Structures are given as C-alpha cells and as structure tokens.
Amino acid sequence: MLKPNTFKRALYGDQLQIGLWCSLAGNVTSDLIAASGFDWLAIDMEHSPNDLPSVLIQLQVMAAYPLEALVRLPSSDPYLTRQLLDTGARSLIFPCIESAAEAASIVEQTRYPMKGKRGVAGLQRANRYGRVPSYHRNASEDIALVMQIESPAGVKAAAEIASVDGVDALFVGPSDLAATMDCLGNPSDQAVQAAISEVQRAARSVGKAAAILASAHVDARRYIENGFSMVGVGTDQGLLARGCDDLVAMFKPSR
C-alpha cells in the first residue's frame, strides 16, 4: 500500500505545514534535512542542478521520513510531469502560472484518461512496480498540485487559477513577483506585499491553501499570521552558507 498524502489533506484542513527548499541536489544532504521534522521538503529543478535521477534518489531517501516530498519543476512541460509522477513524485509545484487555462492543462496532464492525458505505465515506482493494483483508479486522490504565482498577470488571475478543479494551492514566489513588478531584489516593497496578500485572499476565497517561501524568519511569521498555511522557512543553501559564514567569523572576526 501507498501511504496517504497527509500533506494534501492538511492543506484542506487548514493545518500549518512548514517546509524547506532543497537545491543542493544531494541525497546525503536531503537525508540529513529530512530527519529534522519538517512537514515538507521541496526539491528544486528550476534553479538548481537537479535532474530526474537526482530527484529520484532524493525521493527514495525522503520516503523514510514522515514528510511529503515536493518537486518544483522548471516548467509545465507535460512529458517531464509524467516522468516525475511515474518516478513517485506526487506533490508538484509549477512555476509562473498566469491563467486558469494553464492550470487546467497541467491538471489534465496528471490525470489518466478519460479525465486527462497522463500516459499509463504498468510498472513504475509510483505504484510499487505493479504491486498496488488500485493505483491507476485512485492516483489523483493523492496528487497535490501547487501553482506558483510570480507575475502581475498571475496575481490578477489568482482566484480563477485557484478555482480550477485539481489545483490544491497557490504558491507565491516573492523574488520573481518583485522582479516582474519592477522591484528586483525588494520583495518587501509595499506594492509587492499588497500583491502577495491579494494572492492569499484569492486562494482562501475558494477554499484553497496559500503558500509562500520566506527567507527571513520575521517574514515567515508574518505570513503565517496573515493566513498562509504552507510556508517555506528557509533553504538548504542558505542554512549552509550562513552556518559557514558564522563559523568563520567566530575565528576570523576581521573578515
């Protein structure tokens, strides 16, 4: 049997889910991080050297822990989507979604006929290589789809995107949203923060979860207070870089 996607159920139960962004593309670091107690970890394929084999081994490692492994794709490519699903990834984040039509097309690629266009593989990691006979009938129950909002067009269409059946959450990308609003490097800008709040309200208005990645703890706490229920509170790269910098500064204070 496959374990249920408790992460997806928690989103609809309005339960806070804390996670970390993983970009180091290593199974050892993923194993180390997974033991920390996060509710979810996101394996990034857009801005890191992760590819399908490195994602697979990290999914295998993370499966040993009580968390949900998400994968952020580099695009909404339907063929990579199908490969990831067959590999056992079932919670996916798609970047820069700007319309309900885009979201609906993604949902279609994750559903088997007659509800969608996902290709049928008999033996795959997702169904324990054929050992879960009910997989094809019930796969959509545990597939979680998160649409990333990163532009003014996405903000404007947020409610329509969230309303698409099969979309489970809207995820704000603060850095890219700031850049597309002519505030590159300044996601704290008042207009950007207003847009972030607009996405949160749009998602919640149709019963979907609002998600975001925050690089600063103070921002993460504010987003949680404002109703975001899926919050990335850091990155593996950031933790390692700050830890190394702080350690060096202890012994080389003039650096």
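Helix α11 (residues 217-225) lies across β1, β7 (209-213) and β8 (230-235), and runs at about 175° to β8. Contact here means heavy atoms within 4.5 Å. Axes are lines fitted to C-alpha atoms, for helices over the stretch in contact, and angles run from 0 to 180 degrees between N-to-C directions. Helices (H or I, at least four residues) and strands (E, at least two) are DSSP runs, numbered from the N terminus.

Welcome to this structure, which is a predicted model: local features need pLDDT of at least 70, side-chain atom pairs count only at pLDDT 80 or more, and totals for chains, interfaces and linings use all residues. Residues are numbered from 1 along each chain as its sequence is written, and side-chain values use heavy atoms, with hydrogens and water left out.

**The whole protein**

- The secondary structure comes to 12 helices and eight strands. With a radius of gyration of 18 Å, close to the 18 Å that the globule rule gives for 255 residues, the protein is as compact as a globular protein of that length. That radius is taken over C-alpha atoms, and the rule is 2.2 Å times the number of residues to the power 0.38.
- Along its principal axes, the C-alpha trace spans about 60 × 40 × 30 Å.
- Of the 255 residues, 47% count as buried. Buried means under 20% relative accessible area, exposed over 50%, and partly exposed in between (1.4 Å probe, protein chains only).
- The protein exposes about 12200 Å², of which carbon and sulfur atoms supply 56%. These areas come from the Shrake-Rupley method with a 1.4 Å probe; for residues, only the protein chains shown count as cover.
- Among contacts between residues at least 6 apart in sequence, 61% join residues at least 24 apart.

**The barrel**

- Eight strands form a closed barrel in the order β1-β2-β3-β4-β5-β6-β7-β8, with parallel pairing. From one strand to the next, the twist averages 25°. Two strands pair if DSSP finds at least two bridges between them.
- Helix α3 (residues 52-62) lies across β1 (17-22), β2 (40-44) and β3 (68-72), and its direction is at about 170° to β2.

- On one side, β4 and β5 pair in the parallel sense over four bridges. Across this pairing, L92 stands opposite L145 and F94 stands opposite M147.
- β5 also pairs with β6 (residues 169-172), in the parallel sense and over four bridges. Here M147 stands opposite L170.
- D142 is buried, with a relative accessible area of 18%. Leaving aside residues up to four places away in sequence, D142 touches P4, N5, K8, R9 and R90.

**Helix α5**

- Which residues of α5 (residues 100-109) are buried? They are A103, I106, V107 and Q109. Seen down the axis of α5, these buried residues fall within an arc of 160°, so they line one face of the helix. The arc is that of the directions from the helix axis to the C-beta atoms.
- An α-helix has 3.6 residues a turn, so residues three or four places apart point the same way.
- The cover over the buried residues of α5 includes α4 (78-87), β4 (91-94), β5 (144-149) and α8 (158-163).

**Backbone features to look for**

- Most residues other than glycine have a negative phi, and most peptide bonds are trans.
- C96, in the loop between β4 and α5, has a positive phi of about 50° although it is not a glycine. At 35% relative accessibility, C96 counts as partly exposed.
- R128 lies in the loop between α5 and α6, and has a positive phi of about 55° although it is not a glycine either. R128 counts as partly exposed, at 37% relative accessibility.
- The peptide bond from P113 to M114 is cis, with omega near 15°. M114 lies in the loop between α5 and α6.
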